[in-house]
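Hi,

Here is the structure I promised to pass on. Have a look at it first, and then read my notes below.

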Amino acid sequence: MSRSILRTGAISAEIRKAQAAAAVAPAAKNAKKGAATKDKAAAAAAPKGAGEIRIIGGQWKRTRLPVAQRPGLRPTPDRVRETLFNWLGQDLTGWRCLDAFAGTGALGLEAASRGAAAVQLVESDAALVAQLHTLQQRLEARAVRVQRGDGIAALRQAAPDSLDLVLIDPPFDSKLFESALDAAGKAVAASGYVYLEAPVAWTDEGLAASGLVVYRHLKAGAVHAHLLRPVGAAAVPGEAG
């Protein structure tokens, strides 16, 4: 076979190879473009942070706390927290507190900011627990202890009459309210307080099994905020601890 024939065959093969590559390139480009579009759409649909809230009073006043977008997470509004700590008398020096469904930590950190001697933040979500640890270190909050776990179990493990303030704010669509209130009623001191945040108003009749009664109540939008006392408690806000 002559060299000219070989050369012609090689050229034809190169031409066919180039044509095949040209046909594949647009498809690959379109596929890449489609993947990039999907990535952008996924990024747009991905959960984003819901923003931030702030500590209202005490040594960390105006400190901003990040709020992640997590299932069931519903930080207590500023107005409600401000009212709660007005009810409690602002100064919580020496108080022992347990935040059973800590979430962002806003309630428990607010108590620590106002002088509470021991604040236990209990949260089951690992990502939120990590965030709480970060906040604790950032604030150098030595009185605060972060615990990953079940808030109701933590209340049941607390010694009877050992807490001055119990904070109960579970997801509104949960069935944790009665169990949490029952455990809180046993753990709170006779002169202490239980804060309950719920989607409906609780009455003394509904609280009877827990040994608690309504001391203060506020409705703000869909939130019912209650400050509860043990039955027979005579102390006024500011006397706990």
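Two strands count as paired if DSSP finds at least two bridges between them. Helices (H or I, at least four residues) and strands (E, at least two) are DSSP runs, numbered from the N terminus.

Before you dig in: this is a predicted model, where local features need pLDDT of at least 70, side-chain atom pairs count only at pLDDT 80 or more, and totals for chains, interfaces and linings use all residues. Residues are numbered from 1 along each chain as its sequence is written, and side-chain values use heavy atoms, with hydrogens and water left out.

**The parallel strands**

Let me start with β4 (residues 118–123). On one side, β4 runs parallel to β3, joined by four bridges, and L98 sits opposite Q120 of β4. β4 also pairs with β5 in the parallel sense, over five bridges; there V122 faces Q147 of β5. Five of the six residues of β4 are buried, so the strand is largely enclosed by the rest of the structure. Buried here means under 20% relative accessible area, exposed means over 50%, and partly exposed is in between (1.4 Å probe, protein chains only).

In α6 (residues 177–187), the buried residues are F177, A180, L181, A183, A184 and A187. They span an arc of only 165 degrees around the axis, which puts them on the same side of α6; the arc is that of the directions from the helix axis to the C-beta atoms. The face turned away from the buried side carries E178 and K186, both exposed. The buried residues of α6 pack against α5 (151–157), β6 (163–168), β7, α7 (204–207), β8 and β9.

**The hairpin and a buried arginine**

β8 (residues 212–220) and β9 (residues 223–230) pair antiparallel over eight bridges, with R216 opposite L227 of β9. Two residues lie between the strands of this hairpin, and G221 takes a positive phi near 65 degrees there.

R229 is worth a click. It belongs to β9 and is buried, at 3% relative accessibility. Its side chain reaches the backbone oxygen of S191 at 3.3 Å and the backbone oxygen of G192 at 2.9 Å. Both are polar contacts, meaning a pair of N or O atoms within 3.5 Å; within protein, one must be able to donate a hydrogen and the other to accept it, and residues adjacent in sequence count only if both atoms are side-chain atoms.

**Cores**

Which residues touch the most other members of the largest nonpolar core? They are L84, L88 and L109, in a core of 37 residues. Apart from it lies another core, of 25 residues, among them F101, V122, L196 and L212. A nonpolar core is a set of buried Ala, Val, Leu, Ile, Met, Phe, Trp, Tyr and Cys residues joined through side-chain atoms within 4.5 Å.

Leaving aside neighbours within four places in sequence, L84 is in contact (heavy atoms within 4.5 Å) with L107, L167, Y195 and L227.

V188, in β7 (residues 188–198), is buried at 2% relative accessibility. With neighbours within four places again left out, its contacts include D161, L163, V166, L212 and P230. The C-alpha atoms of V188 and P160 are separated by 6.9 Å, although the two are 28 residues apart along the chain.

Two loop residues to check. Q90, between α2 (78–88) and β3 (96–99), has a positive phi of about 75 degrees without being a glycine, and it is partly exposed at 34% relative accessible area. E140, between α4 (126–139) and β5 (144–148), has a positive phi near 55 degrees, and is not a glycine either. E140 is exposed, at 55% relative accessibility.

Cheers
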